[in-house]
Amino acid sequence: MGVQPNPLRVLLIGNGGREHAIAWKLSQSPLVESITVVPGNGGTATCPKTTNNTSVSAEDFPALLDLAKAKNINFVVPGPEAPLVAGAVDFFEDAGIRCFGPSKAAAYMEGSKTFSKDFMKKHNIPTAAYENFSDYEKARQYLDSVQHDVVIKASGLAAGKGVIIPTTKDEAHRALESIMQDKEFGTAGDEVVIEEFLAGDELSILTFSDGYTIKSLPPAQDHKRVGEGDTGLNTGGMGCYAPTNIATPELVAQIDRDIIQPTIDGMRRDEIPFKGVLFTGLMITSSGPRVLEYNVRFGDPETQTVLPLLSDDTDLAKIMLACSRGHLDSVSIKIKNEFSATVVLSAGGYPESYAKGDEITIQPPPPAVNIFHAGTKLADGKLRTAGGRVIAASATASESLRAAVDKAYEGVRHIQFKDMYYRKDIAHRAFKPTSDTKEALTYAQAGVSIDAGNRLVERIRTAVRSTRRPGADAEIGGFGGEVDLSKAGFTSDAPIMVGAIDGVGTKLMIAQATRNHRTVGIDLVAMNVNDLVVQGAEPLMFLDYFGCSKLDPEVAAQFVESVAAGCREANCALVGGETAEMPGMYSADDYDAAGAAIGAMLPANRLPRLDAMRPGDVLLGLASSGVHSNGFSLVRRILARENLAYSAPAPWISSSSSSTPTTTTTTTTTVGESLLTPTRIYVRSVLKALPHLKGLAHITGGGLTENVPRTLPAHLAAEIDVGAWELPAVFRWLKKAGNVQAAEMARTFNTGIGMVAVVAAADADDAAATLRAEGETVYVIGTLVERGPGGEGCVLKGLESW
């Protein structure tokens with residue numbers, strides 16, 4: 001049993017809503033005898049055990065020390081960042097008074113965004129790509145050079161307002177000039193960080209630490225913009241809610257494992273151990289969580305939101321003592337199974353000019369609603385406004401987040417002052433539309449236009465034809481290009497050479513985000529050799545290209561090893577490649593890859609045999625292994641909207657269990673693992689069945705709708721019954737989550753069919769049997785029919801079944 005500490009007489013520095021919430025929770029501790037707040041506000045003035053003191057400045061450490069000695073203070077809690085960065089903890093502990101908070105050196109993590117970004121880079125903590133600048137002209141030139149959206153941050157302390165998110169290049173230049181030239185944030189803007197804008201949902205996590213152990217509070221989501229719908233100027237925060245629906249237990253564990261614990265460990269190893277509460281601002285991107293910023297103190301309004309979620313028997317004072325003494329692992333932190341929401345009320349005009357001194361009236365709030373003061377003060381016995389963010393209503397509810405939000409707004413109705421303003425949409429991101437009402441996503445909305453690609457082919461067709469030579473007609477639009485060696489001057493019995501070139505697309509982004517490069521090389525081979533085999537060619541050799549800004553030998557080796565695995569499966573030789581290291585070409589650790597396959601065929605095996613095709617010919621569908629390598633721009637868009645991390649369990653796959661006499665192991669497939677299932681290579685099976693085949697279509701970008709007609713004559717169309725096979729679970733989930741229309745699914749994804757073969761009706765059984773004997777899953781999916789003038793080349797029946 002631990003030694004009972006002496007009664008705590010606390011000096012709390014600050015005057016915001018955060019400090020009121022801290023005083024409110026500390027006053028509930030049996031360890032706390034008294035709390036003196038400098039300078040405090042109208043709320044701390046009426047808090048139990050608490051008195052305000054305005055006789056000294058919160059910035060005058062010697063005067064604060066004199067006050068502490070006079071009041072017999074034995075524990076100091078600096079609330080805002082300014083005293084922490086100025087060295088308050090070092091000052092008071094040198095005087096023999098214990099503190100809750102980081103040292104001046106550790107507080108520099110918030111004091112300099114340049115320092116914190118460099119720290120993240122050093123310790124491999126995921127964050128946005130960035131550059132630091134103290135020279136305005138160099139920063140301006142850098143802005144001109146980048147093509148991605150940016151965030152511009154004043155490196156120093158700017159009261160939570162030194163972050164600007166421009167929406168145009170002109171806005172970015174004006175922001176840069178305002179920070180560095182016009183000194184909008186004073187010396188905080190002497191240096192700026194320009195970083196890549198990250199898309200996704202933000203999370204704020206408050207984590208207690210003693211320099212070793214971490215214990216995080218429920219993830220919260222702040223609302224920085226002043227206007228509804230997250231519009232308008234940045235503020236210190238207009239509202240907050242917790243917990244968030246995007247913070248799954250798996251995501252929280254990932255953040256603790258990959259970000260917060262490495263941060264605490266890295267600071268200790270850099271000899272700046274962190275004790276106190278670390279605020280980590282995160283963006284949950286489609287590639288996983290990325291750190292936006294660190295703060296070295298409680299957030300505002302996050303504190304007003306999460307402290308009410310601590311159980312009644314969780315003692316904040318005991319937690320703070322444990323952090324300062326290095327034994328946080330001895331303290332239990334219990335969280336109520338409830339929801340919490342905070343609505344901030346500001347003065348009219350905030351965050352620009354606003355009035356002060358207006359009288360505030362507050363009626364007793366409903367149960368489970370707390371009124372936390374910020375910019376308020378008592379003057380002549382009346383409560384008056386004294387800041388931009390004036391006051392907040394916070395509420396908890398056990399039923400639902402909606403109930404907590406409704407209670408908070410009920411609390412707002414009990415507060416009145418002149419020109420008060422508040423957002424009416426707090427927690428709106430948690431109440432996003434359901435699958436019944438959400439916007440239907442398309443491949444084009446994800447940034448990929450199949451129509452534009454088709455127009456490009458037509459545009460360049462003439463230029464490509466101009467390169468024709470004997471043996472090569474230089475026609476594009478098929479799956480691969482051919483050179484007939486017998487017509488190119490070689491012997492009359494020479495084979496026809498066939499070439500194909502392709503890449504993997506944005507599936508690479510998932511490999512990079514999950515740091516799993518062991519399958520995308522197989523995808524690269526598959527995309528090329530499958531295009532060869534549909535011509536009737538046997539792949540003979542393969543060449544790859546790997547481009548990056550900075551070569552990571554381990555990543556490149558994993559990638560090439562996976563290319564070799566694909567070549568072995570396709571029975572072709574990896575005969576060469578190019579690895580290009582080009583600093584500045586790509587962002588951070590990103591890379592791109594392409595490949596080319598060369599094969600040969602005898603003229604008798606050449607496909608498609610258009611003249612042999614007849615109405616009534618049968619279409620066989622060969623099952624795909626998953627999403628393969630197309631449609632990932634839309635996949636990533638859907639995952640981002642659903643806030644589903646690659647590390648989360650794949651919702652389309654059920655967990656499996658295996659047992660031994662003593663243990664049961666549950667295996668869970670993550671989103672990333674499932675999506676990185678490599679593209680199926682059909683080479684060996686198709687070559688075996690070649691004598692039965694009239695044509696083949698590799699189902700890649702464009703789906704069944706666009707690819708099947710590429711193997712047909714102009715007078716025939718494919719009539720396909722999509723009910724002939726079951727739509728795989730991953731596609732069912734993508735369709736529902738993205739509200740993707742069935743026709744769009746068929747035009748974007750392979751939807752479970754990776755290759756379509758055209759065979760005579762009399763050969764269908766033998767062809768299917770040969771393919772199945774080689775390990776393929778084969779479906780009879782349709783027939784060829786006559787196509788009238790202007791008719792569709794692929795008619796899909798039964799789409800309503802999807």
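The dialogue below goes through a predicted model and the reasons behind the terms applied to it.

Biologist: What makes up the protein in terms of helices and strands, and how many residues are buried as a percentage?

Modeller: The protein has 23 helices and 37 strands. Of its 802 residues, 53% are buried. The C-alpha atoms fill a box of roughly 105 × 60 × 50 Å along the principal axes.

Biologist: Why is valine 412 called buried?

Modeller: Buried means under 20% relative accessible area. Valine 412 has 1% relative accessibility, so it counts as buried. This residue belongs to helix 12 (residues 401-412), and valine 412 touches Val343, Leu345, Ala393, Met420 and Tyr422, leaving out residues up to four places away in sequence.

Biologist: How far is valine 412 from valine 369 in space?

Modeller: The two are 9.6 Å apart, C-alpha to C-alpha, and 43 residues apart in sequence.

Biologist: Why is alanine 556 called buried?

Modeller: The cut-off is under 20%. Alanine 556 has a relative accessible area of 11%, therefore it is buried. It is found in helix 16 (residues 553-570). With residues up to four places away in sequence not counted, alanine 556 touches Phe546 and Leu551.

Biologist: Where is alanine 556 relative to leucine 310?

Modeller: Their C-alpha atoms are separated by 47 Å, and the two residues are 246 apart along the chain.

Biologist: How do you know that arginine 389 has a polar atom within polar-contact distance of glycine 237?

Modeller: A polar contact needs N or O atoms within 3.5 Å. A polar atom of the arginine 389 side chain lies 3.1 Å from the backbone oxygen of glycine 237. Arginine 389 is in strand 23 (residues 389-397). Beyond its neighbours within four places in sequence, arginine 389 contacts residues including Gly236, Gly237, Asp300, Tyr350 and Gly375.

Biologist: What makes a set of residues a nonpolar core, and which residues have the most contacts inside the largest one?

Modeller: The members are buried residues of listed kinds, Leu, Val and Ile among them, joined through side-chain atoms within 4.5 Å. The largest such core has 98 residues, and Leu675, Val708 and Ile720 have the most contacts inside it. Its largest share, 8 residues, comes from helix 15 (residues 520-533). A second, separate core of 45 residues includes Leu64, Val76, Ala106 and Leu251.

Biologist: What does isoleucine 720 touch?

Modeller: Residues up to four places away are not counted; among those touched by isoleucine 720 are Leu619, Leu704, Val708, Trp725 and Ile781.

Biologist: Which residues of helix 5 are buried, and what do they pack against?

Modeller: In helix 5 (residues 104-111), the buried residues are Ala106, Ala107, Met109, Glu110 and Gly111. They pack against helix 3 (81-85), helix 6 (113-122), helix 9 (249-269) and strand 17 (288-295).

Biologist: How many positive and negative side chains are there?

Modeller: There are 76 positive and 94 negative side chains, and the centres of the two sets lie 3 Å apart.

Methods
Residues are numbered from 1 along each chain as its sequence is written. This is a predicted model: local features need pLDDT of at least 70, side-chain atom pairs count only at pLDDT 80 or more; totals for chains, interfaces and linings use all residues. Side-chain values use heavy atoms; hydrogens and water are left out. Helices (H or I, at least four residues) and strands (E, at least two) are DSSP runs, numbered from the N terminus. A polar contact is a pair of N or O atoms within 3.5 Å; within protein, one must be able to donate a hydrogen and the other to accept it, and residues adjacent in sequence count only if both atoms are side-chain atoms. Contact means heavy atoms within 4.5 Å. Buried means under 20% relative accessible area, exposed over 50%, partly exposed in between (1.4 Å probe, protein chains only). Lys and Arg count as positive and Asp and Glu as negative; His and the chain ends are not counted. The place of a charge is taken as NZ of Lys, CZ of Arg, CG of Asp or CD of Glu.
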